[in-house]
Amino acid sequence: MVKIQVVNRGHQPLPAYATPQSAGMDLRANLEEPITLRPLERRLIPTGLYIALPEGYEAQVRPRSGLALKHGLTVLNAPGTIDADYRGEVGVVLINLSQQDFIINDGERIAQMVIACCEQGEMVVVEALDETERGAGGYGHTGIK
């Protein structure tokens with residue numbers, strides 16, 4: 001298990017896994033007062049958390065499936081990436097895709113954070129790419145069935 005340094009300047013508990021095999025830790029809104037998200041409105045929601053990931057890791061901020069299904073609330077830039085060298089507050093960009101207002105209350109679980117290994121790549125210029133069965137087939141190239 002990778003160790004993540006955290007400073008909690010908010011008043012919520014630290015992110016935690018809900019079950020022993022959960023992939024993501026729940027992130028909570030750290031608010032002085034509730035925020036109302038109107039239909040199609042987006043806002044950056046503070047968590048009060050500042051983290052330091054080890055080199056070679058990223059944190060992915062993802063929607064919570066229950067909020068998405070029941071209320072049309074999702075993370076706009078899903079998955080949002082927190083780089084290992086970022087030291088600012090962890091914020092969650094939420095958007096309300098429903099037709100009703102949604103009230104975000106202090107302490108509400110608004111997203112999940114997944115810790116993942118990541119590698120940097122190096123671009124190497126070549127004259128041509130190798131051939132594959134797929135070739136340049138793009139979106140929908142395999143059909144519907």
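A: Helices and strands are taken here as DSSP runs, numbered from the N terminus, with at least four residues of H or I for a helix and at least two of E for a strand. The model is a predicted one. In these terms the protein chain has one helix and 10 strands, and the order along the sequence is β-β-β-β-β-α-β-β-β-β-β.

A search of the whole structure returns three salt bridges. One of them pairs arginine 64 with aspartate 26, with 3.5 Å between the closest N and O atoms. Its partners come from distant parts of the chain, 38 residues apart: aspartate 26 belongs to strand β2 (residues 25-28), while arginine 64 is in the loop between β5 (57-62) and α1 (65-71). Arginine 64 and aspartate 26 are both buried.

Aspartate 26 also forms a salt bridge with arginine 109, and here the closest N and O atoms are 3.0 Å apart. This pair, too, links distant parts of the chain, since 83 residues separate aspartate 26 in strand β2 from arginine 109 in strand β10 (residues 109-117). The burial of the two partners can be checked against the cut-offs. Aspartate 26 has a relative accessible area of 14%, and it counts as buried because buried means under 20%. Arginine 109 has a relative accessible area of 33% and is partly exposed, because that class lies between the 20% limit and the 50% above which a residue is called exposed.

The remaining entry is a salt bridge between the side chains of aspartate 101 and arginine 38, at 3.4 Å from N to O. Aspartate 101 is in the loop between β8 (89-96) and β9 (102-104), and arginine 38 is in the loop between β3 (35-37) and β4 (42-52); the pair therefore ties together parts that are 63 residues apart in sequence. Aspartate 101 is partly exposed, at 46% relative accessibility. Arginine 38 is likewise partly exposed, with a relative accessible area of 46%. As for shared partners, salt bridges join Asp26, Arg64 and Arg109 into one network.

Leucine 40 is exposed, at 61% relative accessibility.

Glutamate 33 is found in the loop between β2 and β3, and it is exposed, with a relative accessible area of 60%. Between the C-alpha atoms of glutamate 33 and asparagine 96 there are 18 Å, for a pair 63 residues apart along the chain. Threonine 74, in strand β6, is buried, with a relative accessible area of 18%. Beyond its neighbours within four places in sequence, threonine 74 is in contact with Pro63, Val93, Leu94, Ile95 and Leu97. Further along, alanine 78 and proline 79 are joined by a cis peptide bond, with omega about -15°. Proline 79 lies in the loop between β6 (73-75) and β7 (80-82).

The totals for the chain give the wider setting. Of the contacts with a separation of 6 or more, 70% are between residues 24 or more positions apart. The radius of gyration is 19 Å, whereas a compact globule of 145 residues would have one near 15 Å. The C-alpha trace spans about 55 × 40 × 30 Å along its principal axes. Buried residues make up 32% of the 145 residues. The accessible surface comes to about 10300 Å², with 51% of that belonging to carbon and sulfur atoms.

How values were computed: Residues numbered from 1 in each chain as written. Predicted model: local features only at pLDDT ≥ 70, side-chain atom pairs only at ≥ 80, totals over all residues. Heavy atoms only, no water. Salt bridge = Lys/Arg side-chain N within 4 Å of Asp/Glu carboxyl O. Buried < 20%, exposed > 50% of the residue type's maximum accessible area, 1.4 Å probe, protein only. Rg over C-alpha atoms; globule rule 2.2 N^0.38 Å. Contact = heavy atoms within 4.5 Å. Areas by Shrake-Rupley, 256 points an atom, 1.4 Å probe, with all protein chains shown as cover.
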